[in-house]
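Hello,

Here is the structure I promised to pass on. Please have a look at it first, and then read my notes below.

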Amino acid sequence: MTTTTLKQPSKFLQILKTIWNGIKRVPAVYYIFFGIFIVLGLLSPTYQSANGIMAFLRRTSPLAILAIGEMIVLSTGGYDLSIGSIVTLVVLGSSLLLNNDPTMMPTAIWTMLALGLLIGLVNGFVVSYLKIPSFIATLGMMLLVKGGALYWVGGAPRGYLTENWRDFGRGYFENIPLIERFPYALAILLVLALVTYFIYHRSNFGKQILAIGDNVRASQLSGVRVRLVRMIAFVISSLFAVIGGIMIGGFGGVNVTIGEGLEMQTIAACVVGGVLLGGGKGSVMNVIFGAFTMEAIFNLLNLLGLPKPYKDAVQGLIIIAAVAYVALSTRKKK
Amino acid sequence: MTEEQKQKDEKTANLVQPLLEVQGISKRFPGVVALDNVSLKFMPGEIHAVVGENGAGKSTLMKILAGAYIPDSGNILLKGEKVSFSHPQQAQDEGITIIYQEFNLLPDRTVAQNIFLGREPSKLGIIDIRKLNKNAAELLKEIGVEKMIAPTAMVSSLSVAEQQLVEIAKAISFNAKVLIMDEPTAALTYTEVKLLLDLVQKLKEKGMSVIFISHRLVEVFDFAEKITVLKDGQLVGTVCVKDVKPADVVYMMVGRTLDHYFPPLGKPEDFGDVVLKVTNASNKFLKDISFELRKGEVLGIAGLQGSGRTEMAQAVFGVVPFTSGSLELRGKTMIIKNPATAIKNRIGFVTEDRKSEGILPKQPIRDNMLLTVRSIQSVFGPIFKNGIRKAKKLVPELGKQVDVRTDSYDREVQYLSGGNQQKVVLAKWLASDADIFIFDEPTRGIDVEAKASIHDMIRDLTKKGIAVLMISSELPEIIGMSDRVLVMWDGHIEGELPAKSSEPEIMLMATGGKHIKETQDVLAAGKE
């Protein structure tokens, strides 16, 4: 552009340009989410009320928590496919442990967290020390955990989840001004999001996660303890899956397929939230909105009356489309 | 040799048509002229060595002959007829076969299967294994190695030398007229080299042309009849082995004017105590390494590719540690078992391959600079330690120190120029407070201006009392920067030279030319 063309209409154009640049800087996930949510609102009055929105957020929070955990592993350049099975394990196992006795709740929580820790450590060990690709290692773990959980409860769900347990997932803080009710699940998500935000975006550990996802060799030569960092990433992911599982038990019934497909849903949420498969990039905020987007899409499909198989197909399309979008846009930049 | 014989030789040379000829070949890569108007003739029944420094254009020339690269201009003549290859297969069909340094053999198949890969004799669509093995056996007998290698042996069970023989057998099975070998002796023992030499003689008698690239002058003089010297992509000349001495070839390989200014070398009073002392250290790549590094000096490490330079740097830095011998750091004997230990002991390593070993391309400049600081702290340590607050001050300080040209430290490193990326890598080590710096090819692939500023920076480091170990393939850089030069050859330190040594002196050591007795005399004579 020459200086003369800049002169006259420049003021207005420049303002437009600044606005356009600002718009471009906001990650695509926010536009997609709010776009879909507005459509939802137009189609169904439920999504127009504060109550309905809160119910939506309540439903989505466990997925968002799982997605944050998955993001940590994805950022190191790995995958964690075992989280869906961990959810199944938590729901089945805790209902057995609780067996309608509310006082058992702390024991059940600690047991589940301990199991999560163990699974994460094993995942991390197999990936970092035995050098098995994480996709395969955690795929094996997915089957192992699911089978183990079924074996533990004797093949079919047993026992009941107590009310106090279910409240984590479905309870509300009541009588809040303006919005009436505020779900516990969302509060848990916010706390975990805040903690993860500081670990991931602000701590040395978080930066090392991104470093090994970006370039393992360079990280190693700069002194990063790659194996240790990877182990911790898997542990975080497993623990978050346990927490998500506790919440999911709150509204789903106790059944053996409850965690099925969650690993793919979370990976899709991460990809939509701008996480690079292969590692090196991610954002807690964007991933949370990625999870919201996934849930909003599923709700939209429901409202349109499409059966469940569509949900799976759409999920597959989303993953492919989002990864292709990233690949194309980075190629353009270069 | 009498005058008469010589004339006779020349006569026959003129009579016979060259088997392979290149005329005015040029090849450019982004930013470099790899070959510039090179013309060469290869006679039938001739063993022809192509020598030159790293980056002289040898490999490019070979790849053009083998059809792996297409030249930008110039002609290739095969038996006087113009040919052009757009694919290695075409060159192979015409009888030009190349054996790369990295063999193209499938380790888990037999010798026979490898030789006839994709061309197996078959009966009714089923591979005729008996015939396959018979053909292979005949071929192995033809080159006289039937006693060493069985057609049914697994390639993975063979030694490197035997694998090379299999490659040669494979080449002959293609009816090769021209055999190109890239560094054929690099991984061979002395007796294996002799074996190869005998075989090459046999091939020669059959009228084949054998072209080989080598870094080792000793063997070039044992093997070849003619030597072609390339330098910076240009043809220096082709000479007959019998007419020249190794020193002459060395002079042809080097010797150019310094094309840029280097900061002044250190003065004796700048050099302090010994900070790093390695004594008789070895590992699987290195033999008996001993040297001392002083505060405030630049110790240049010269040597050709594969001489063990990088391996030595990696050993000191704990990537592939020494397995025997001793290493003293600031007077204390210690074992550096991994990079983290090295960094904690204030050693910095600016690696050769910036892209794969130096930078985090998708991370901002800021996080690249702070990586070492972060990694040597406890993973479980306080979250804010050296996080945001200190980084706010540290990053711009480092940026200024190394003069990174950028509008923001949040820019991803992948979008910076090569020179700027290298400065970011430097900053990373300054941040970790290193006082022993290892540079492996510090200025490879960056432009002249950035080169000069990195040279200045290295010299500035030494002024602060930092000790520098600088590996470089570029002799001008070695000579321009080093206060002392260690020359490596074949996994050990061949010798030490003082500052301002000449290129031929270094190159002679680096090619193992010292081992040729007469060369020493010639060089000594030349000095006087």
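A word on domains before anything else: their bounds come from an automatic or database domain assignment. For chain B, that assignment gives domain 1 (17-253), domain 2 (272-346 + 435-528) and domain 3 (357-432). Between domain 1 of chain B and domain 3 of chain B, the C-alpha centres are 46 Å apart.

Some housekeeping: this is a predicted model, in which local features need pLDDT of at least 70 and side-chain atom pairs count only at pLDDT 80 or more, while totals for chains, interfaces and linings use all residues. Residues are numbered from 1 along each chain as its sequence is written, and chains are lettered from A and ligands numbered from 1 in the order in which they are written.

Let me begin with the interface. Contact is counted when the C-beta atoms of two residues, placed from the backbone, lie within 7 Å. By that rule, 24 residues of chain A are in contact with 28 residues of chain B. On the chain A side, the elements that give two or more residues are α9 (184-202), α10 (204-214), α11 (216-221) and α12 (226-251). Helices here are DSSP runs (H or I, at least four residues), as are strands (E, at least two), numbered from the N terminus. The largest share of that side, seven residues, comes from α10(A).

Next, the interior. A residue is called buried if 20 or more other C-beta atoms lie within 10 Å of its own, exposed if 12 or fewer, and partly exposed in between, with C-beta atoms placed from the backbone. A nonpolar core is a set of buried Ala, Val, Leu, Ile, Met, Phe, Trp, Tyr and Cys residues joined through C-beta atoms within 7 Å. The largest one has 232 residues, and Ile68(A) and Val468(B) have the most contacts inside it. Its largest share, 14 residues, comes from α12(A).

Ile347(B) and Ile436(B) are 89 residues apart in sequence, yet their C-alpha atoms are 4.8 Å apart in space.

Now for the sheets, where two strands pair if DSSP finds at least two bridges between them. Chain B has an open sheet of six strands with mixed pairing, in the order β6-β9-β10-β3-β11-β12. Its edge strands, each pairing on one side only, are β6 (96-99) and β12 (234-240) of chain B. Within chain B, β3 (residues 47-51) and β10 (residues 209-213) pair in the parallel sense over four bridges, and His48(B) has Ile211(B) as its bridge partner in β10(B).

Elsewhere in chain B, strand β1 (residues 20-29) pairs with strand β4 (residues 73-78) in the antiparallel sense over five bridges. In β4(B), Asn75(B) is the bridge partner of Gln23(B). β1(B) is also joined by seven bridges to strand β2 (residues 32-42) of chain B, and these two run antiparallel. There, Glu21(B) has Lys41(B) as its bridge partner in β2(B).

Best wishes
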